[in-house]
Amino acid sequence: MTDSTDRPVWPAVWNGWRRTCPRCGEGALMVKYLKTRDHCDACGQAFHHHRADDGPPYLTLLIVGHVVGPAMLWYYVAREPSPWEFMAIFGIGSVLMSLWFLPRLKGALVGVQWANRMHGFGHETDPPAWPDRAPAAE
Ligand SMILES: [Zn+2]
């Protein structure tokens, strides 16, 4: 059995969204644009357990598609733009929105997995690299 009170989901999701460690919120979660670190530099929490896989791109497409789709319809009816104007605005806008959402949604998904002890995040046999720097239990 797992105890859900010691790993609240929403603070972990928020920390992941900010691309920080879902456990302590201080160490960086990402080492590059989308690559997660092996462990947190602040508390030692291992991140290699995460299995975000296709989740972040799926959620990115879901959000960006639901924003851009109606915006395209509205803009076309309101302005009747030229094809080049239309492609420039919505092509570049879609790419920029996707690039902004993708790492944040990946971090949030890693936060969900950490809070729910998914994919090895709950193994008690995997101690933090620096137990003395682990955040105090609340
Ligand atoms: Zn940490």
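Predicted model: local features only at pLDDT ≥ 70, side-chain atom pairs only at ≥ 80, totals over all residues.
**Helix packing and a zinc site**

The crossing of helix α2 and helix α3 is right-handed.

Two packed helices are described by the angle between their axes and the distance between the axes. For α2 and α3 the angle is about 155 degrees, and the axes lie 8 Å apart. Angles over 145 degrees count as roughly antiparallel, and α2 and α3 are therefore roughly antiparallel to each other. Sorted by class, the residues in the contact of α2 with α3 are 19 nonpolar, four polar and three charged.

Helix α3, residues 83-115, also packs with helix α1, residues 9-17. The axes of α1 and α3 come within 7 Å and cross at roughly 150 degrees. This pair, too, is therefore roughly antiparallel, and α1 passes α3 in a right-handed crossing. On the α1 side the contact is made by V9, A12, V13, G16 and W17. Their partners in α3 are W100, F101, R104, L105, G107, A108, G111, V112, W114 and A115. The residues of this contact comprise 11 nonpolar, three polar and one charged.

The zinc ion is held in view next. Its protein donors are the SG atoms of C21, C24, C40 and C43, which lie 2.3 Å from the ion. Which arrangement do the four donor atoms around the zinc ion form? The angles they subtend run from 106 to 114 degrees, so the arrangement is tetrahedral. Along the sequence the donor residues follow the spacing C-x2-C-x15-C-x2-C. Within this set, C24 and C40 are 16 residues apart and link distant parts of the chain. Both C24 and C40 sit in the loop between α1 and α2, the latter helix spanning residues 55-79.

Note on methods
Residues numbered from 1 in each chain as written. Heavy atoms only, no water. Axes fitted to C-alpha atoms, helices over the stretch in contact; angles between N-to-C directions. Helix = DSSP H or I, 4+ residues; strand = E, 2+ residues; numbered from the N terminus. Parallel < 35°, antiparallel > 145°, perpendicular 65-115°, else oblique. Left-handed = near helix turned anticlockwise from the far one by under 90°. Contact = heavy atoms within 4.5 Å. Nonpolar A, V, L, I, M, F, W, Y, C, P; charged D, E, K, R; others polar. Donors = N, O, S within 2.8 Å, 3.2 Å for Na, K, Ca; no water. Tetrahedral: all angles 85-135°; square planar, octahedral: opposite > 155°, others 65-115°.
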